[in-house]
Amino acid sequence: MRHTTSPTEADDLRAIARRIKRPVVLVGMMGVGKSTIGRRLAGLLQTGFVDADDAIEDAAQLSVAEIFERHGEDYFRDGERRVIARLMDEGSGVVATGGGAFCNEQTRASILQRGIAVWLDCDIETLVERTARKSHRPLLQTGDPREILTRLHAERKQFYEQAPIRVVSDDGPHAETARDILEAIDRWL
Ligand SMILES: Nc1ncnc2c1ncn2[C@@H]1O[C@H](COP(=O)(O)OP(=O)(O)OP(=O)(O)O)[C@@H](O)[C@H]1O
Ligand SMILES: O=C(O)C1=C[C@@H](O)[C@@H](O)[C@H](O)C1
Ligand SMILES: [Mg+2]
């Protein structure tokens with residue numbers, strides 16, 4: 001795996017970064033890689049990175065699981081909407097959203113108006129495998145994760161499809177997926 005960029009690649013990256021005038025917002029199912037790849041993408045663009053789930057946890061001083069448990073999903077979605085609106089106001093950087101954020105009408109509208117939404121997508125088997133590595137996602141604690149992921153994917157696809165850019169996050173090196181996103185944004189701009 002390569003860890004460095006050649007001078008030509010660095011020039012190309014800077015040129016793409018200069019053309020990006022809005023926050024790049026990764027949307028898609030839980031476990032698809034928004035947080036992991038988003039951090040990598042921000043590194044390539046030499047810009048800031050915020051994980052919306054982390055920002056909600058900081059604001060509430062509770063974990064996502066605790067927010068769901070104590071206050072319920074609607075309360076979490078409201079916090080998510082406010083945090084993402086603030087991140088859109090900041091106007092730059094890379095934002096990894098939580099898996100359900102783009103399904104909320106107001107959150108989706110603010111991302112589509114003020115950010116560059118990129119739908120990261122992969123197959124259900126991969127999501128099952130990736131989400132099995134950690135047990136902090138409250139929505140997967142209530143039944144069989146494969147069934148829940150299959151149902152959520154079917155319900156949410158109609159929203160994710162509204163993102164103007166779609167990139168497949170398969171099992172290649174993370175840096176490659178981050179570059180695929182940059183190339184897709186570059187083509188779209
Ligand atoms: N392209 C990839 N190839 C291999 N593994 C990946 C890839 N992208 C992410 N992963 C792995 O999948 C797991 C889940 O990734 P991550 O937490 O980034 O997902 P997420 O989309 O942010 O999920 P959530 O919506 O729940 O926050 C991590 O262990 C990560 O290392
Ligand atoms: O897909 C979802 O609805 C969620 C995904 C996570 O990122 C968290 O935002 C939370 O666990 C809910
Ligand atoms: Mg995440």
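Q: Which residues surround ligand 2?
A: This is a predicted model. A shell is read as the list of residues near the molecule. Here the shell of ligand 2 consists of Met30, Asp53, Val64, Gly98, Gly99, Gly100, Arg137, Pro138 and Leu139.

Q: How do the residues of the shell around ligand 2 divide into nonpolar, polar and charged?
A: Each residue is put into a class, with Gly counted as polar. For ligand 2 the division is four nonpolar, three polar and two charged.

Q: How many residues surround ligand 1, and which are the closest?
A: Ligand 1 is surrounded by 19 residues, and the closest are Met30, Gly33, Ser35, Thr36 and Arg130. Helix H2 (34-45) and helix H9 (174-188) are the elements that give two or more residues to this shell. Met30 also belongs to the residues that surround ligand 2.

Q: Which element gives the most to the shell around ligand 1?
A: Helix H2 does, with four residues. By class, the shell around ligand 1 holds four nonpolar, nine polar and six charged residues.

Q: Now helix packing. At what angle do helix H3 and helix H5 pack?
A: A helix pair is read from the angle and the distance between the two axes. Helix H3 (residues 52-60) packs against helix H5 (residues 73-90) at about 110°, and their axes are 9 Å apart. H3 is therefore roughly perpendicular to H5, since angles of 65 to 115 degrees are put in that class. The crossing of these two helices is right-handed.

Q: Which residues of H3 and H5 meet?
A: On the H3 side they are Ala52, Ala55, Ile56, Ala59 and Ala60, and on the H5 side Gly79, Glu80, Val83, Ile84 and Leu87. This contact divides into eight nonpolar residues, one polar and one charged.

Q: How do the axes of helix H4 and H5 cross?
A: The axes of helix H4 (residues 64-71) and H5 come within 7 Å, with a crossing of roughly 130°. The two helices are therefore oblique to each other. Ile67, Phe68 and His71 of H4 make the contact with Glu73, Tyr75 and Phe76 of H5. Its residues divide into four nonpolar, one polar and one charged.

Q: What is the crossing of H7 and H8 like, left-handed or right-handed?
A: Start with the geometry. Helix H7 (residues 124-131) and helix H8 (residues 145-160) have axes that come within 10 Å and cross at roughly 130°. H7 is therefore oblique to H8. The crossing is right-handed.

Q: Which residues make the contact of H7 and H8?
A: H7 contributes Ile124, Leu127, Val128 and Thr131, while H8 contributes Pro145, Arg146, Leu149, Thr150 and His153. Five of these residues are nonpolar, three polar and one charged.

Terms used:
Residues are numbered from 1 along each chain as its sequence is written. Chains are lettered from A and ligands numbered from 1 in the order in which they are written. This is a predicted model: local features need pLDDT of at least 70, side-chain atom pairs count only at pLDDT 80 or more; totals for chains, interfaces and linings use all residues. A residue is near a molecule or strand if its C-beta atom, placed from the backbone, lies within 6 Å of it. Axes are lines fitted to C-alpha atoms, for helices over the stretch in contact, and angles run from 0 to 180 degrees between N-to-C directions. Angles under 35 degrees count as roughly parallel, over 145 as roughly antiparallel, 65 to 115 as roughly perpendicular and the rest as oblique. A crossing is left-handed if the near helix is turned anticlockwise from the far one by less than a right angle, and right-handed if clockwise. Two residues are in contact if their C-beta atoms, placed from the backbone, lie within 7 Å.
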